[in-house]
Each structure stands twice: as C-alpha cells, then as structure tokens.
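Subject: Structure handover

Hello,

Here is the structure I promised to pass on. Please open it next to this email.

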Amino acid sequence: MPTTALRRTQRPGKRRNLAVTPGPATPDPRTPATPRTTYKVTGVRVLRSEWAKFWSLRSTWITLGVAVVLLILFGAIAAYTYSPDAVATSGPPGPGSSDGDSDAVSLALTGVSFAQLAIGVLGVLLSAGEYSTGMIRSTLAAVPRRLPVLWSKAAVIGPIALVLTTIGALAAFQLGTPGLDGEKIALSLGDDGVLRGLAGAGVYLGLVAVFGVALGVLIRSSAGAIAALVGVLLILPGLASLLPDSWYDTLSPYFPSNAGSAVYALHESSDALSPGAGLAVFVGWVALTLAGAAFRLVRTDA
C-alpha cells in the first residue's frame, strides 16, 4: 500500500518557534496540604452581624431621630403651654399625675406616647423586615441554631433605644424647665424621684423596642406586627374601659402600656402599680412575647 510523505514547508531564513504549554503539575504526595480556615458561629459574631445590619438600614436613622425629636418636642411644648387652670379642668396631659395635679416630669414625658410607636415600629422592622425581603433565609442558613439571631437583635436595639431616649427625656426636661419657672410644679434634676422618672422612661422605651422585635419574629409580617403593637399599647386600654368598673379597676394596671407608664411616673397613683411592680409586669409581657417568638423561630420554617 503506497504511503504519502507529508512535507512541512517553511520560508527560507525563518524559523517557527513552537511554544509548549505545560500541563497541570502533579501534586507531590509528600507536600502537606494547606489547611482551610473555618469560622465558628459564636454569639459575638452574630451580634456583630446584627449590629452591622441595624446601622445599614436607612429606617434606623430616620426612626430613631423621629422618636427622640418627638420626645423632646412634645415635652418642651407641654411645659411652655402649661396652665394650672387648664389642668384643673381637663386633667393632666401626661402620666405620673397624683390627685389631679400634674408635675414637671409628666409634662416633660408627654412625648413618650408618640416615641413608643416610633421605637416599637423600628423593632418590628428590624425583625419582620427580613421576612418581607426573604433575607431571613440567608440569616438562618448562616446561623443554624436560630435563637442567637433573636437574642442578638434584641440585644442590639434595646440598649440603643434606652440610651438615646433617656438622653431625649433629659433634654425635654431641661428645655421645659424655663417654661415652668415660678410655677408650683417646677422641679430640678436634684429633686426626689426626677432622675428615676426620666431614666424610667428610657428603660420603658428600650423594652418597647425589644417588644417590637419579638412581635416581628412572632407574626412575621411588618404590617401585622405594627398593627399588633398599636393595638396592645394604645387600643387595648381604651377597649378595656368597656368592661364593668370592678373588672377594669382590677385589670387596667396590668395592661402593658399602663404598667409601663408606672415605671416613669413621679408619683404613685392609687389606681396604678408602683414603679418596681410596673417594671416587673412590663418585663413579663416582653419576656412572654419573646418566648413565643423563640418557639416559633425554632419550630417553624422561614
């Protein structure tokens, strides 16, 4: 069978350089493999993650600012528009009244009713917002034990709300002091119970923020959790007034907002809890909601 010889022709005076591409090197079995870095999920790392998420939200800055501004603004307005005759006919404008008389602390804390909504809504957005966007799946994939996520969210927002609103309450009191100059109800920071009442407002609002986080995880809907927050803090005491007087007088002090208002009241009212008892009752409400949120977080899928 004839064979055909193939000739490679090239121009004279030129040489072809054939580049040889080396193949993958065979690993030497005697060379130890580089160990891969593994990161363990710890409570501190989960807390740092939630801290970063909290401050990266635009709603955080807006809502915190609104809460503090409302607290200061309404407190200062109440102090500068105070009139003993108007209070005698219509009742005191804020909590902490005793025997029909208002006081400088209750006037300074008039804005608590509005600030609690802003702070509570922020807590709801911090937790339920992840369910709305679907980001909660990534969060729980990174933290399979789940519960550290809930505790970290509460641990982030609670102290921040406490510090900022306490500063706001102090500012409202100080700004309103000149407006009450010469009035019988005028007080200074050094008077009995004043600092305790102003700090109590911060403690209450910090717990409201944690309450919002718990409601968000429990209900898993921003709109639903905000509606529940407003209903529990504002609407429930009004609806309870439809109960028979004997029932209302017994149950009313234990409603969340009424127990919370006792925490920062300057004077203990005859139909309200003491500051310590009010704090214990409101902490119980928050703990109960957190327990329900933790149970649902662990037992059900995102």
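Below are the ground rules, then the findings.

This is a predicted model: local features need pLDDT of at least 70, side-chain atom pairs count only at pLDDT 80 or more, and totals for chains, interfaces and linings use all residues. Residues are numbered from 1 along each chain as its sequence is written, and side-chain values use heavy atoms, without hydrogens or water.

Overall picture

The chain has twelve helices and zero strands. Helices here are DSSP runs of H or I with at least four residues, strands are E runs of at least two, and numbering starts from the N terminus. Of the 302 residues, 39% are buried. Buried means under 20% relative accessible area, exposed means over 50%, and partly exposed lies in between (1.4 Å probe, protein chains only). The chain exposes about 17,500 Å², with 62% of that from carbon and sulfur atoms. Areas come from the Shrake-Rupley method with a 1.4 Å probe; for residues, only the protein chains shown count as cover. Take contacts between residues at least 6 apart in sequence: 78% join residues at least 24 apart. A contact is heavy atoms within 4.5 Å.

Helix 8

Helix 8 covers residues 194-219. Its 26 residues reach 37 Å from first C-alpha to last, close to the 38 Å expected. That expected span is 1.5 Å times one less than the number of residues.

Aromatic pairs

The whole structure holds seven aromatic pairs. Rings of Phe, Tyr and Trp (its six-membered ring) pair if their centres lie within 6.5 Å; planes under 30 degrees apart are stacked, over 60 edge-to-face, and the rest tilted. F74 and F114 are stacked, at 4.3 Å centre to centre and 15 degrees between planes. This pair links distant parts of the chain: F74 sits in helix 2 (residues 58-80) and F114 in helix 5 (residues 112-133), 40 residues apart. F74 is partly exposed at 29% relative accessible area. F114 is partly exposed too, at 40%.

Y204 and Y264 have ring centres 5.7 Å apart and planes at 45 degrees, so the pair is tilted. Y204 belongs to helix 8, while Y264 lies in the loop between helix 11 (256-263) and helix 12 (275-299). Both Y204 and Y264 are buried. Separately, W51, F54, W55 and W61 form one aromatic cluster.

Best wishes
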